[in-house]
Amino acid sequence: MLSEYDVIIVGGGGSGLAAALRALEKGASVLVLEKQSQLGGTTGMAIGSFTANGTSMQREAGINDSADAHEEDAGKFAIPEIENHSNNELRRFFLGQTAETLEWLRAMGLFFHGPNPEPPNRVPRMHNIVPNAKAYIAAFQSQIMKRKGTIVCSAPVLELMSDGKQITGVVASIDGERKVISAKRGVVLAAGDYANAPEIISRFKGHQFKAIEGVNPKACGDGHLLAEQVGAMLLNMDITYGPELRFVPPPGDPFEQLLPTSGLLAKLMGRLVPYLPQTLINWRIKRLLLTWQHPENSLFDDGAILVNSEGRRFCNEKDSPQREIAISEQPGKAAYILLDQRIAAHYSQWPHFISTAPKIAYAYVNDYLKLRPDVSGEAPSLEELARQRNLNFTNLGESVEQFNQYIVGEKSDPCGRTGDTHPLTGNRWVLLGPAKAYFTTTEGGVAINQRLQALDESENPIPGLYAIGCNGMGGQVLWGHGLHIAWAITSGRLVGEFLGNSE
């Protein structure tokens, strides 16, 4: 490893690897420093939707689209109180670059299916990678190594170096030693979000959210803190996707993927994917869906209740985010969703699903019982169900009895629910869980311009410092499937192009 490179990239997820590859393609020397022992970040955990407009795949499907229309629709996903904080000018700029990014990815041999619809998008824009987002990571890594880029894992960046005028490099811990490495053209922050950074969450969003975990346990906000230490302005740090209820990952490797994504087998499977039986693809996609997607809030509107590991109700299940805050305060930060015979039957067929990746797959009660027995169980009696799932039957029975007394008007609900009309009863009971409250991703990030330069509190560029992906959100609100991955890879491609073209 050298002591000087044209470009140093902090983070080996989707945005960082995209930046590294594009800078290498433009002739720059590149070093990627990844804190974890393997590449991927949050991108490597995702299903992999890439939402874009004006693409060749849209045109082949007879779809006319534009960045202006996409920007208008992108503003419809978040509630107005959140959307009003969005940097729409930067978002429109980004959306205007997505088609070129998608073609760049397809030219690497990555395969997408779609485009798929996702309302309120007026036309189908969701391009879904096969097999999943880990394919991005494998493709980037392969191309970076071919172009002799340098990747070092287990190498946290401790601080940014400055000569008083500009950022000149980094100090990193490599093999247990502090190493100073210089960057001739710039340092790019691509270290992911802060969904699992309790101190950052507490500082910007509120202490009551501090105990809620991030979906990616390694998303600790390192890039945000590095930027802040050298005077960068942070925007929208209180805006998060979530907290929301999600089932805990399955035992074993939590990053289970659809197909292998490296080596000869991966290449062979990639070529075979279009010819595999659709039933096999659907089964594996549904398996991933049950791992990562959240149960629908409509479960509680239709009468389901939450209990903790002791079998006790503890919150108004319809009141989010207070529901998620309450879950984080329970033993093990866990809860279980109880369905009776009526609710279980209701969520066994379209259009009443427990979880979904829109237009990709839908999961019902029997899907969970078959594919996720670790987080589901059924029995003909409440007592047998409690025994199966190791819950206190006395407490569970009291929880159901108290709920039913509220339904028939004998008492008000002790947890404050109103509007329910059906008691919990029958000879089929289903328990889903454990589930936890998680932050999925965070919208806060470094203020940037359209060259991905980090800005200070006076909105002036900090020479030599760039921020992309979740580090460089720039005030955008990117809700809806596929926008975060599209931004990560597009911002990485663009910053790599800018820095690769530097003299």
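Is helix α1 largely enclosed by the rest of the structure or exposed, and how many of the 12 residues of α1 are buried? In this predicted model, local features require pLDDT of at least 70 and side-chain atom pairs pLDDT 80 or more, whereas totals for chains, interfaces and linings use all residues. Residues are numbered from 1 along each chain as its sequence is written, and side-chain values rest on heavy atoms, without hydrogens and water.

The protein contains 18 helices and 23 strands, assigned as DSSP runs (helices, H or I, of at least four residues; strands, E, of at least two) and numbered from the N terminus. Of the 503 residues, 58% are buried, that is, under 20% relative accessible area with a 1.4 Å probe, protein chains only.

Helix α1 spans residues 14-25 and reaches 17 Å from its first C-alpha to its last, close to the expected 16 Å, where the expectation is 1.5 Å times one less than the number of residues. Because 11 of its 12 residues are buried, α1 is largely enclosed by the rest of the structure. Among the buried residues are Gly 14, Leu 17, Arg 22 and Leu 24. The buried residues of α1 pack against β1 (4-10), β2 (30-33), α6 (98-107), α7 (134-146), β6 (150-152) and α18 (483-500), a contact being heavy atoms within 4.5 Å. The helix is followed by Gly 27, which has a positive phi near 100°.

Key: Buried means under 20% relative accessible area, exposed over 50%, partly exposed in between (1.4 Å probe, protein chains only).
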